[in-house]
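Trainee: Could we go through this model together, one question at a time?
Mentor: Gladly; have a look at it, and then we can start with a term.

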Amino acid sequence: MVYYLFLPLLSILLIALQIAVADVLFSGRLVIEISLIAVIYAGFRLDLIKGAALAFVFGFVFDCLVGSVTGLFTLIYLLIFVVSFVVSFVMDTDKLHFVALFGFVCALIEQLLVVLFYNLLMQFDAALSIPFILLPQAMLIGLFAPVFFYLMRRLEVFVYGKPFHRIERSGDSRISAEI
Amino acid sequence: MFFLKNYKSIIFVVLLFLFALIMLSYNTKYDKGGGFFRKIIMEASAPFQKLAHVTVKSVGNSWDRYVFLIGLVEENKKLTKTISELEAELLFYKEGYSETERLRKLLALKESLGYSFIAARVIAREQGALSKTIIIDKGSFDGLKSGMPVIAPPGLVGRVVHVSWNVTKVLLITDKNSNVDVLLDRTRVQGIFSGEGLRGGKLKYITKNQDVIAGDVVMSSGMGGVFPKGLFVGQVRDVTKPDTELFFNISVTPYIDFSKLEEVLILVSEEKGKK
């Protein structure tokens with residue numbers, strides 16, 4: 001319960017921080033989307049309900065604070081969470097180079113979905129921003145994702161005494177949503 | 001109920017998806033920038049955003065200042081080095097300019113006299129109280145011989161006394177052993193200019209009945225056979241008429257500042273026309 005209570009607060013803190021960092025470092029042109037990395041992390045490590053709640057809250061807060069159409073990032077974050085969740089059963093998500101690559105791909109997908117959304121529904125051509133903003137941003141996320149995962153692993157070891165693994169992944173239960 | 005319990009996670013996610021989709025659809029169509037939840041989130045996040053911004057900004061500023069200071073030190077070093085280099089370069093150019101000026105004057109003198117000259121550079125000075133000589137960087141290999149007159153703008157410097165293969169000693173006209181046959185430009189009165197070291201020189205053997213005043217120009221007469229006629233020697237500084245003696249006591253200031261002499265011309269032949 002504490003987790004769900006603290007989730008909005010945590011998401012606000014994290015997104016406020018990432019906006020401030022982006023503002024100082026890149027004058028707001030690029031955002032180091034730690035919230036997206038956190039969603040991927042949730043997809044790899046957390047169970048379905050907790051992870052989905054995190055993705056939803058992070059997406060919603062991001063929508064509210066970044067000022068895009070409310071619901072867009074909520075939907076995209078949920079989508080990325082589900083993809084990460086599914087991928088975590090097929091791939092070895094402990095490998096940091098995989099995390100980097102997956103982070104890059106997810107960021108790219110996220111940005112492309114946003115561009116597509118604006119293009120199709122708002123008739124706003126944002127294709128030009130792909131090489132100058134979207135790619136660098138995806139690369140940034142690809143770079144930061146392993147760092148984030150490494151730090152979280154250290155935190156897991158600090159808190160639990162060993163790296164955290166989901167029950168389904170450790171084989172104690174069947175792969176399902178019955179958590 | 002069993003279905004719901006078994007698949008509650010999936011149902012939860014699907015519901016979230018549906019909710020997000022409805023929210024997106026609604027906001028795409030009706031969004032006017034407001035929204036209750038958005039307002040709440042924005043209000044709640046404002047203090048955090050402010051705090052985060054101030055913190056990150058101050059860290060960034062400190063870092064910038066640190067980097068700026070490092071850059072400043074580096075830039076300062078670079079600029080100091082550049083200034084030193086430019087100063088050295090400027091000195092070099094100034095030196096080149098003054099040398100050019102001197103050589104221009106020397107060339108003008110050479111052209112005006114119409115003799116054949118050898119140009120030489122002063123490489124040393126021996127200037128005691130009475131002994132006044134200089135060493136130049138040309139010698140017998142260059143055609144210099146003992147007794148040759150040495151000049152520099154605006155007039156007479158001295159004569160060659162000791163010639164080595166590559167260097168030569170020149171006796172200045174202010175040396176105690178130097179005597180030059182001269183005449184006064186204004187009155188054409190002849191006399192002998194004799195060196196007196198630091199005091200310049202004196203004009204000898206001009207009888208008291210001659211017309212000599214301070215400021216008269218003294219030039220070589222060409223009578224001694226060593227120096228050609230018409231070279232400026234100096235200017236009469238002071239004239240005294242001793243009661244008991246036959247001649248004037250005339251002090252002469254040489255035209256040339258021997259302490260600043262750097263290049264000289266050595267007269268090696270007679271006038272070109274006479275050759």
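Mentor: Two strands pair if DSSP finds at least two bridges between them. Helices (H or I, at least four residues) and strands (E, at least two) are DSSP runs, numbered from the N terminus. This is a predicted model, in which local features need pLDDT of at least 70, side-chain atom pairs count only at pLDDT 80 or more, and totals for chains, interfaces and linings use all residues. Residues are numbered from 1 along each chain as its sequence is written, while chains are lettered from A and ligands numbered from 1 in the order in which they are written.

Trainee: How many bridges join strand 2 of chain B to strand 5 of chain B?
Mentor: Strand 2 covers residues 132-136, and the two strands run antiparallel. Within strand 5 of chain B, B:Val170 has B:Ile134 opposite. The number of bridges joining strand 2 to strand 5 is four.

Trainee: Which residue stands opposite B:Arg159 in strand 5 of chain B?
Mentor: Strand 4 (residues 155-163) of chain B pairs with strand 5 in the antiparallel sense over five bridges. A hairpin through four residues joins strand 4 to strand 5. Opposite B:Arg159 stands B:Leu171.

Trainee: Why is strand 5 of chain B described as largely enclosed by the rest of the structure?
Mentor: A residue is buried if 20 or more other C-beta atoms lie within 10 Å of its own, exposed if 12 or fewer, and partly exposed in between, with C-beta atoms placed from the backbone. Strand 5 spans residues 168-172, and it is largely enclosed because the buried ones number four of the five.

Trainee: Where is B:Pro154 found?
Mentor: Most residues other than glycine have a negative phi, and most peptide bonds are trans. The peptide bond from B:Pro153 to B:Pro154 is cis, with omega near 5°. B:Pro154 is found in the loop between strand 3 (149-152) and strand 4 of chain B.

Trainee: Is B:Arg188 buried or exposed?
Mentor: B:Arg188 lies in the loop between strand 6 (179-184) and strand 7 (190-195) of chain B. Its phi is near 60°, a positive value in a residue other than glycine. Because B:Arg188 has 8 C-beta neighbours inside 10 Å, it counts as exposed.

Trainee: What is the phi of B:Tyr205 near?
Mentor: B:Tyr205 sits in the loop between strand 8 (201-204) and strand 9 (217-220) of chain B. With 12 C-beta neighbours inside 10 Å, B:Tyr205 counts as exposed. Its phi is positive, in a residue other than glycine, with a value near 65°.

Trainee: How far does helix 4 of chain A reach from its first C-alpha to its last?
Mentor: The secondary structure of chain A comes to seven helices and zero strands. Helix 4 (residues 72-90) has 19 residues, and its expected span is 27 Å, taken as 1.5 Å times one less than the number of residues.

Trainee: What separates the C-alpha atoms of A:Val82 and A:Ala42?
Mentor: A:Val82 is found in helix 4 of chain A, where buried residues include A:Ile80 and A:Phe81. A:Val82 itself counts as partly exposed, because it has 18 C-beta neighbours inside 10 Å. A:Val82 and A:Ala42 are 40 residues apart along the chain, and their C-alpha atoms are separated by 9.6 Å.

Trainee: How many residues of chain A are in contact with chain B?
Mentor: Two residues are in contact if their C-beta atoms, placed from the backbone, lie within 7 Å. On the chain B side, 28 residues take part, and the residues of chain A they touch number 28.
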